[in-house]
Amino acid sequence: MGAVNVGLREQFIRDGYVLFKGVLEPELVEGLRVWSDQILGLQEKAHFEQNRTTGSMVLIDWAMAYRYNVLAELVAHPQAVAALAALGFAEPKFGHGRIISKPPQSPPLFWHEDGRFWDDPVSYTWQPIQCFLMYYLTDTDARNGCLRVIPGSHRKRHPLHDQAAPMHTDELRTYANPEDAAFQRAEGEVDVPVRAGDLVIGYGRLFHAAHANLSDERRTVLTMWYYPHFVGLPERTQATIFSLEGRNGETGTNPANEVQARMEPLRIVYEGDAEPIAQRWTPGPALK
Ligand SMILES: O=C(O)CCC(=O)C(=O)O
């Protein structure tokens, strides 16, 4: 394993995200662009209507990675594994991902956080449970829908946590009310513009959003969900993760496929008998 970068690790734990530049080779980015355009082309019109603010929300699972080598290359990319190791996570696990593609001239994505383990005491500590690895397949800035984040919101209560409307509703997904607070500027927010092939790693429970795409080009991000610290988490947390993601990884490896073999250590396995904890999508009072 590569050495831990103490400064980066501190930054990650403090801010809740970190940017690694130039992680994917341009050929892989191009291959992923072609592949994701093809998969997006297979979706029904209703899919895009239901997901106006994200643009799309296509599931990436292990079976898909076994079917498309370009995706397996991404899941087990040595530079991504090295980036996680630099943050101090030597044995990361992979769960699933999403193709999130904003068409030209499309609305902003609402503020949300994807923490779903708020009944688990670990969510109130520095330890990440679920982290996103986001790969944008085009260069991004505030004009074509770059990522926005609220640094520190993974560990500290923000006014958005107590907003009346729940997150991830159909109303937010379809942009039914552009005046909703979830589409406005938020206290402490920063833009995270990137180059295609960069990697943004962040806590799932960090508040994030994306600007509208005002350009004439599609803007695609592949959000890949990992459990970087799985082996260091309490058994009940491991049991919870396994109950949600374990089946997803059941597909058998083809030993002759070198890329699939690289995915194998990322498989989520829990064989104990601890009780999983129910999912909860909003933080309790312990988040101060
Ligand atoms: O579209 C984006 O830039 C962000 C995607 C996102 O919020 C997510 O994957 O949770």
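This is a predicted model: local features need pLDDT of at least 70, side-chain atom pairs count only at pLDDT 80 or more; totals for chains, interfaces and linings use all residues.

Modeller: Phe 132 stands opposite Gly 202 in strand 8. Strand 5, residues 131-136, pairs with strand 8 in the antiparallel sense, over 4 bridges. Strand 8 also pairs with strand 1, residues 17-20. That pairing is antiparallel too, and it has 4 bridges. Here Leu 19 has Val 200 of strand 8 as its bridge partner.

Now look at the strand itself. Leu 199, Ile 201 and Tyr 203 point one way. Val 200 and Gly 202 point the other way. Both sets are buried. So the two residues named in the pairings, Val 200 and Gly 202, are on the side of strand 8 opposite to Leu 199, Ile 201 and Tyr 203, and each counts as buried because its relative accessible area is under 20%.

Follow Tyr 203 next. Tyr 203 is one of the residues that line the largest cavity. The search of the whole structure finds 1 cavity of 30 Å³ or more. The volume of the largest cavity is about 80 Å³. Gly 204 and Arg 205 are in the lining as well. The rest of the lining comes from Asp 114, Gly 115, Arg 116, Phe 117, Ser 123, Pro 128, Ile 129 and Gln 130. By type, the lining divides into 4 nonpolar, 4 polar and 3 charged residues.

Strand 5 leads on to another site. Tyr 135 and Tyr 136 are among the residues that Thr 220 touches, and strand 5 runs over residues 131-136. Thr 220 itself sits in strand 10, residues 219-227. Its other contacts include Ser 36, Leu 40, Ile 99, Ile 100, Leu 137 and Thr 138. Ser 101 is a contact too. The side chains of Thr 220 and Ser 101 are joined by a polar contact of 2.8 Å. Thr 220 has a relative accessible area of 5%, so Thr 220 is buried.

Two backbone points are worth checking on your screen. Gln 105 is not a glycine, yet has a positive phi of about 55°. Gln 105 lies in the loop between strand 3 (93-102) and strand 4 (109-112). Tyr 175 is not a glycine either, and its phi is positive at about 60°. Tyr 175 belongs to the loop between helix 7 (170-173) and strand 7 (190-192). Its relative accessibility is 21%, so Tyr 175 counts as partly exposed.

Methods:
Residues are numbered from 1 along each chain as its sequence is written. Side-chain values use heavy atoms; hydrogens and water are left out. Buried means under 20% relative accessible area, exposed over 50%, partly exposed in between (1.4 Å probe, protein chains only). A polar contact is a pair of N or O atoms within 3.5 Å; within protein, one must be able to donate a hydrogen and the other to accept it, and residues adjacent in sequence count only if both atoms are side-chain atoms. Contact means heavy atoms within 4.5 Å. Two strands pair if DSSP finds at least two bridges between them. On a 1 Å grid over the protein atoms alone, a cavity is a set of points where a 1.4 Å probe fits but cannot get out, and a pocket is an open set with protein on both sides within 12 Å along at least five of seven lines; lining residues have an atom within 4 Å of a point. Grid points are joined across faces, edges and corners, and a volume is the space filled by probe spheres set on the points. Ala, Val, Leu, Ile, Met, Phe, Trp, Tyr, Cys and Pro count as nonpolar, Asp, Glu, Lys and Arg as charged, and the others, Gly among them, as polar. Lists of a residue's contacts leave out its neighbours within four places in sequence.
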